[in-house]
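Me: I would like to go through this structure by asking what each term rests on. Please set each value against its definition before you conclude.

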Amino acid sequence: MFGKVEEKLNNILKTDGALYFILIDPDEKNCLEIAEKVKDYADAIILGGSIGITNLDETTKEIKEIIGDIPIILFPGNVDGLTPYADAVFFMSFMNSNNTYWTTTAPTLGAITVKKYNLEPIPMAYLGIEPIKRTAVGFVGEVNEIPQRKPEIAGMYCLSAKYFGMRWAYLEAGSGAELPVSNKIIGLSKKLSGINIIVGGGIRTPETAYEKVLSGADAIVTGTLIEDNPDAVKEMRNAIKKAGMDKLNK
Ligand code: 1GP
């Protein structure tokens, strides 16, 4: 039932208790340098951005050469964010967008390309949490932002995602968010749904990542951190893996 990439990630989750995903924007000028710097620390590279796609095929091939066996999972900002040179795709619905284009039309238009490119689809709910409205993805994705002080709304979306058959939910505060998703939201989302919870947006310190994993996050995503300070990824990975082990031993 699971494809190879998802199986690999689930196996790492069993042994390590937590995953570290590093987001690379293929439109960043220095994305190959970034790939070189993070290749020893990421469990998967997630590739995508909200605005613009330049030469995705070439960039993906070049990144693949650098990172070797680490899976590349596409994180498409739109239907043009697909390439046959990646391993998998987060096949996602932006569930709390106000626009049906982002909830269902874009994934429907993209589905045939996913099939044609033989990409492994990883079914995922994408959920925009405050302060996502002030970030690019909130603007483009016309989000009906989930308030930080209403964790039950996020939890209910995750439960709904589980009942739809999605195996992953991404709690997103938006790239560069001033505040990451709260521990309460993460905890309730995990407790209610039991599906794999990815948390990203505004995670800048190893301490924050540690807390998020202990609260219930299965995977942490960082993007901006690498662009600002590539050397920070080692500490980030250590904190995530330590939290994972602490969680497994609880
Ligand atoms: C964006 O959650 C990711 O989709 C990463 O956010 O750039 O703030 O790390 P940052």
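Predicted model: local features only at pLDDT ≥ 70, side-chain atom pairs only at ≥ 80, totals over all residues.

Me: Which polar backbone atoms meet the same cut-off, and how much of the ligand does the protein cover?

Reply: A polar backbone atom of G202 is 2.8 Å from a ligand oxygen, and a polar backbone atom of G223 is likewise 2.8 Å from an oxygen of the ligand. Of the 310 Å² of accessible area that the ligand has on its own (Shrake-Rupley method, 1.4 Å probe), the protein covers 96%.

Me: Which elements and residues make up the shell around the ligand?

Reply: The elements that give two or more residues to this shell are β6 (168-172) and β8 (219-222), strands being DSSP runs of E with at least two residues and helices runs of H or I with at least four. In total 13 residues surround the ligand, with E172, S175, G176, G202 and T224 the closest, where a residue counts if one of its heavy atoms lies within 4 Å. By class, four are nonpolar, eight polar and one charged, with Gly counted among the polar residues.

Me: Why is the protein chain called as compact as a globular protein of its length?

Reply: The chain has ten helices and eight strands. Its radius of gyration, taken over C-alpha atoms, is 16 Å, close to the 18 Å that the globule rule gives for 250 residues, so the description holds; that rule is 2.2 Å times the number of residues to the power 0.38.

Me: Where is P131, and what is the peptide bond from E130 to P131?

Reply: P131 is in the loop between β5 (120-128) and α5 (136-140), and the bond from E130 to P131 is cis, with omega near 10 degrees.

Technical notes. Residues numbered from 1 in each chain as written. Heavy atoms only, no water. Polar contact = N/O pair within 3.5 Å; in protein donor to acceptor, adjacent residues only side chain to side chain.
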